[in-house]
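Open your viewer, get your selection tool ready, and follow along stop by stop.

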Amino acid sequence: MSIIKGIISNGLANVVQKIVRIADQLLLVPFFLTNWGAAVYGEWLTLTIIPSVLAFSDLGFGSAVCNSFVLAYAAGDKQKAADLRKSGFWIITLTIILGLLLTVISMFVCTKMQLFDKSHINAHDAMLAVAYMMVARLITFYTQLVEGFYRGARKAALGSLFGSGNYLINIVVGLIVLLLGYGVVAFAFSQLIVAVMYIIAYSIYGCRLIDLQKYRGRILKSDIYDIVRKGIGYLMTPIWQSVYFQGTTFVVRITLGAEAVAIFNTVRTVCRSVNQLFSIINASIFPDLQYEYGQGHIQTVHKYFRVAVVLSMLIGFIGCSVLAIFGLNIYGWWTNSVLTVPHSVWNVFMLGAFFNAVWWTSVVTYRMTNQPYHFAIASTVMSFVSVGLTYVLSFPLGLLGAAIGCALFELVMALYVLPDSCRMLGMKPNELFSNIIGDYKSVKNKIKDK
């Protein structure tokens, strides 16, 4: 498959997945409320928080295994790829076993503390539902390893469509469960069954895509050490995101009050709608750029990296300019003019959104090269700094101070990530713009050919 065809396929598959995930979040809500009532539905949402903690329990190993496998497979080192597949499988299996133990301990602690006794849901049903959801979350850890098979075979779009199919099946099965009048236990169990079926189908097809039948994988200490070391780096991504997004929200709450939180979060939601556009670019280029990097086609990587980064900047500039001019009117309509946002606060948020456009697509470099620590350390440190600045500036400046604290995070990340990612690829930052006209014409012609 050519890189252009791969990027286009990845982009379309990613758009489909975003649409399906939005549907997954929105379509069942009316049926939840009608069949369960607001109180039980609220309790259900609370219960779903518990399994979400397990997102951290794979310690980033899945991402480390997947990226290491793709780079080895693309380079033609199939013995190395087979070794990584076996080592990765057992590491992920071990984390799942530890997760299951954590599930048992969590259920025991919740029982002793009688956390479920005050719920609108029967305590036994609540525990059973949480247990089903936790197991369903744990077994999906295998998908990160298998994702490497799809990317190694240059079929990342197909893997993405498998994921979209999983979400669709969850919607349909969930709808059937609700319409039949079943409760939280049946709904959670249906999620577990769908997860098991998805893992089996996804894994069987993924294994057929790669050619490793002749290679007997080995569990090597060097591979395990490398997976663990890099996995911890990837673990920092959900950490900095939690600190930055939840931390700044909490700071605004304690310094400015509940209404300020409503304004702060809704404005940030609007301004980050632009982020969704260049997130699609990021997801589109990553699988094929990583494969090209693994094969040693550095000039090809440079060209498409430059086009993607500059295109993201252009989209970010246009999107933020439109929102800066017309966004407040749209926001007023969206919120029924219940919330009032000062122009200065709005414009600072838009500026931060543009800075995000400058650096977000270039983050693909760290995953592509399987070197997470530069970004992991910078983003984690800056997330804490941003929360601290938001706290300090909120007292004298109010919401404007909170907006400045967030915008400074985006500015510093842009100043660090973009040049650093270029250096990791053996480029100078000025090359992003000096060669862009030729890159654009080359990519445009190849797209026309396809």
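By class, how many nonpolar, polar and charged residues are in the lining of the second largest cavity? Keep that in mind while you look around; the model on your screen is a predicted one.

**Stop 1: the second largest cavity.** Select R151, R154, A156, P287, D288 and Y291, which line this cavity. Its volume is about 30 Å³. Now colour helix α12, residues 273-295: this helix provides the largest share of the lining, three residues. And here is the reply to the opening question: the lining has three nonpolar, no polar and three charged residues.

**Stop 2: the largest cavity.** A search of the whole structure turns up two cavities of 30 Å³ or more, and the largest has a volume of about 120 Å³. Its lining is made of 15 residues; select Y244, C271, G352, A353 and E410, which lie nearest the centre. Next, show the elements that each give two or more residues to this lining: α10 (221-256), α11 (258-271), α14 (343-359) and α17 (399-424). Among these, α14 gives the most, with five residues. By class, you will find nine nonpolar, three polar and three charged residues around this cavity.

**Stop 3: out to the surface.** Select L311, L314, F317, I318, V322, I325, F326, I330, W333 and W334 to see a nonpolar patch, with about 1100 Å² of accessible area together. Then zoom in on W333, which sits in helix α13, residues 298-334. Is W333 buried or exposed? W333 counts as exposed because its relative accessible area is 67%, and the cut-off for exposed is over 50%.

Notes:
Residues are numbered from 1 along each chain as its sequence is written. This is a predicted model: local features need pLDDT of at least 70, side-chain atom pairs count only at pLDDT 80 or more; totals for chains, interfaces and linings use all residues. Side-chain values use heavy atoms; hydrogens and water are left out. Patches are made of residues with over 30% relative accessible area and no salt bridge: like charges are joined within 9 Å, nonpolar side chains (Val, Leu, Ile, Met, Phe, Trp, Tyr) within 5 Å. Accessible areas come from the Shrake-Rupley method with a 1.4 Å probe; for residues, only the protein chains shown count as cover. A salt bridge is a side-chain nitrogen of Lys or Arg within 4 Å of a carboxyl oxygen of Asp or Glu. Helices (H or I, at least four residues) and strands (E, at least two) are DSSP runs, numbered from the N terminus. Buried means under 20% relative accessible area, exposed over 50%, partly exposed in between (1.4 Å probe, protein chains only). On a 1 Å grid over the protein atoms alone, a cavity is a set of points where a 1.4 Å probe fits but cannot get out, and a pocket is an open set with protein on both sides within 12 Å along at least five of seven lines; lining residues have an atom within 4 Å of a point. Grid points are joined across faces, edges and corners, and a volume is the space filled by probe spheres set on the points. Ala, Val, Leu, Ile, Met, Phe, Trp, Tyr, Cys and Pro count as nonpolar, Asp, Glu, Lys and Arg as charged, and the others, Gly among them, as polar.
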